Amino acid sequence: MPPGEAIRTEGLRKVYPGGLVAVASLDLTVRPGEIFGLLGPNGAGKTTTVGMLTTRIVPTEGAAVVGGVDVVSDPARARQVIGVVSQANNLDRGLTTWENLYFHGRYFGMGVKAARAAADQWLEAFRLTHKAKARVDALSGGMKRRLVLAKAMLHGPAVVFLDEPTAGLDPQSRLALWEIIQALHAAGQTVFLTTHYMEEADRFCDRVAVMDHGGILALDTPTNLKRSLRAGVSVSVRAEGDVERLADQLGAVDGATGAWAKDGAVRLHLDSADGALGKILTAAEQGGFRVTDVSVSEATLETVFFSLTGQDLRE
């Protein structure tokens, strides 16, 4: 693999029986040592993309190289250089926390001494040493997620794939897991991440790709993506009356790049903060609404996501 590439795909494509194009000619490069986020609504092609990169799904066409190994022509060797943390729990419930790591190391060809040392090392790194002799069922949800990540890291993968790593975790567990991921990142680990938590991608990813209908719609740093779409500010408006109709009313405000009803309020994106409050209050009053609360903040990655993919609910 050329220097500066941890993952490279060329014309990667997957067509399922019946003609469903899940991924259409994907060209993508992930740099060594970066946290790369892949975002998209349900059905965008994220799961199929990760499946092809991790050898679980055979591409219809194209090439994919991960950690210097062609995942299509040499899937067995490719599995040696990747670590995968899926949403499904792949821990052995009949083993202790330490044994899950030890036998994973043995499976990957480590000797007894090396596997023991690696199990001890990663239990300590993931703050699980005190649970070394505990059965998996005795662990909290956050501990299980940390153990799954430790297991994925134990054999020293070139790239670790994280599929919704913090889904279902409480705020404290999410924070603890991200502290560990950031420590791995600081040590040079390449991370390929899928998440529905926009604030996580905005805060932690070096670069982000927004995917829909099997293709990449935009790819850049979170900061550059927000600048490129002129998504200046995000506004939340609460008012008495029909919020769907209010969204239509505010969506016509000069400079608005999107408006939709969410959680009993209207989320509105404007390309500039200049005069934003006055525009909103005037438009609401003209529509017969009495505004009860307004908050204005800088646009987030969620702004970009909805601008590119729309706000319609996906099944």
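Trainee: Over how many bridges do strand E1 and E2 pair in the antiparallel sense?
Mentor: This is a predicted model, in which local features need pLDDT of at least 70 and side-chain atom pairs count only at pLDDT 80 or more, while totals for chains, interfaces and linings use all residues. Residues are numbered from 1 along each chain as its sequence is written, and side-chain values use heavy atoms, with hydrogens and water left out. Strands (E, at least two residues) and helices (H or I, at least four) are DSSP runs numbered from the N terminus, and two strands pair if DSSP finds at least two bridges between them. For strand E1, residues 7–16, the antiparallel pairing with E2 runs over seven bridges.

Trainee: Which residue in E2 is the bridge partner of Ile7?
Mentor: The neighbouring Arg8 has Thr29 of E2 as its bridge partner. For Ile7, the bridge partner in E2 is Val30.

Trainee: Which residue takes a positive phi in the hairpin of E1 and E2?
Mentor: Three residues lie between the two strands of this hairpin. The positive phi, near 100 degrees, belongs to Gly18.

Trainee: Which residue in E4 is the bridge partner of Thr9?
Mentor: E1 also pairs with E4, again in the antiparallel sense, over five bridges. Within E4, the bridge partner of Thr9 is Ala64.

Trainee: Which strands stand at the edges of the open sheet?
Mentor: The open sheet has four strands with antiparallel pairing, in the order E2-E1-E4-E5. One side of each edge strand is left without a neighbour in the sheet because each has a single partner strand, and these edge strands are E2 (20–30) and E5 (69–70).

Trainee: What angle does the direction of helix H1 make with that of E1?
Mentor: Helix H1, residues 46–53, packs on the sheet and touches E1, E2 and strand E4 (61–66), where contact means heavy atoms within 4.5 Å. Axes are lines fitted to C-alpha atoms, for helices over the stretch in contact, and angles run from 0 to 180 degrees between N-to-C directions. On that basis, the direction of H1 and that of E1 make an angle of about 120 degrees.

Trainee: Among contacts in the protein chain between residues at least 6 apart in sequence, what share joins residues at least 24 apart?
Mentor: The protein chain as a whole has 11 helices and 14 strands, and its C-alpha atoms fill a box of roughly 75 × 45 × 35 Å along the principal axes. Among the contacts in question, the share that joins residues at least 24 apart is 68%.
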